[in-house]
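Please look over the sequence and the structure shown here, and then follow the explanation below through two parts of the fold.

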Amino acid sequence: MEYLTVAETAERLGVKRETVYAYASRGLLTSVRGAQRRGSRFAQDEVEALAARGRESGEPSGTVERIRTRITLVADGGPWFRGLAVPALAGSEDLEHVAALLWEVPGRVPFDADPDLLAPARAVLAAAPAGARATDRFRLAVAAVAAADPLRADARPGAVVATTSSLLGTVVTALAGDPGAAGGPGVAGAGLAERLLPALVRDPDRAPAPATAGHVRAALVLLADHGLASSTVAARVAASTLADVHAVVSAGLGALDGPRHGLVSGLAHRFLADALDDPPGALAQRLRAGERVPGFGHSVYRGTDPRATVLLDRLRADPAADDVVACVDAVVAGMDRGGDGPAANVDLALAALMHAHDLRPDAGELLFACARTVGWVAHALEEYAEPGLRFRPTGVYTGPRPGSTSEASTTTLSV
């Protein structure tokens, strides 16, 4: 019989070591001490049975410190979608294929617009303020589609896939505007990247460069998922309540819409706008002000973000991007002057793409929202199979205690 240590048992059950001992004291696990090894051990079969019982009980399991996922591995040299290297996928596949991979369905996902849902999405966008950001418009369109979809609560896997395919296809088509716009949804057989172009370019009346669609296609693949980022955790929390796909995407969008997450590419775009004229000067100004330089550093990768490497390598092979790439290289060299500076991340690469191909300053945010919708729904499908309402962090109350002077004062003031 195989035995697990306390640490291994805690890892398998997703609990603290103290909880393992509590299980043993309650008779849920049998502690065994070996003659050759110090510490308690537990039979693997017994541990697996307890883990299975927890999954099947359907009861809230309390604080979740680890989320087990089979979707994306994020590590140096990666990331990997279900075991496949994402940099390689970005060179050969599109978001339609990656969605099928992440959602575990055959073929490719069509992302067709639903005519019945397209009308309310377009109506909402027509009423939006002229200065609304691309992600604001994306969020509005998602809400409109949700309100118009009477079957959105169906959480069966097949229904979730169909709903999300229609949702993303409808929202992108609505955002693209005129079906006859250059590179827009009117192009026969156009994929999602091509259909999204009119919403990304600064001047929708001017046809984008031939290479633009390929770069956008690669960016969508690279951004489809990145493990348990903040917005993905928010989406999983929503899914744990059995919220519908539209609510899951809205939860993800809420967390994405922050300057520490999905908005960084826009900040990097603004920085590069200054750096294009004077890379050392723009960098020096940021450093003198004690400000963080957007587009650098990552909590996972010790070196350059592999996703940034893919996009920047594509731009190096693109003559239209020569000036922008030279600027990026100068800034990267300045940041790494001492040999230990933070490396470039995908937000800097997105900013470079926006400048090289005259995309909107918020185009990177829209690329993130569209692509990550696929990842959020992959995590929702995984979360729907878990016990519901399992996210319940342990709160540490630091306010006034009942009966204290502070509470009495508050009560008096509120009467």
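Two strands are taken to pair if DSSP finds at least two bridges between them. With that in mind, one can turn to this predicted model and begin with strand 2, residues 31-33, which is joined to strand 3 by three bridges, the two strands running antiparallel. Within this pairing, serine 31 stands opposite phenylalanine 42 of strand 3.

Strand 3 also has a pairing with strand 1, residues 3-5, and here again three bridges join strands that run antiparallel. In this case tyrosine 3 has alanine 43 of strand 3 as its bridge partner. As for the side chains of strand 3, which spans residues 40-43, both of its faces are covered, with Ser40 and Phe42 buried on one side and Arg41 and Ala43 buried on the other.

Helix 12, residues 245-256, packs with helix 18, residues 363-384, at an angle of about 125°, and the axes of the two helices lie 9 Å apart. Because of that angle, helix 12 is oblique to helix 18, and the crossing in which helix 12 passes helix 18 is right-handed.

Which residues of helix 12 and helix 18 meet? From helix 12 come Val245, Val248, Val249, Gly252, Leu253 and Leu256, while helix 18 brings Phe368, Ala369, Thr373, Trp376, Val377, Ala380 and Tyr384 to the contact. Sorted by class, the residues in this contact of helix 12 with helix 18 comprise 11 nonpolar and two polar ones, with no charged residues.

Definitions and conventions
Residues numbered from 1 in each chain as written. Predicted model: local features only at pLDDT ≥ 70, side-chain atom pairs only at ≥ 80, totals over all residues. Heavy atoms only, no water. Axes fitted to C-alpha atoms, helices over the stretch in contact; angles between N-to-C directions. Helix = DSSP H or I, 4+ residues; strand = E, 2+ residues; numbered from the N terminus. Parallel < 35°, antiparallel > 145°, perpendicular 65-115°, else oblique. Left-handed = near helix turned anticlockwise from the far one by under 90°. Contact = heavy atoms within 4.5 Å. Nonpolar A, V, L, I, M, F, W, Y, C, P; charged D, E, K, R; others polar. Buried < 20%, exposed > 50% of the residue type's maximum accessible area, 1.4 Å probe, protein only.
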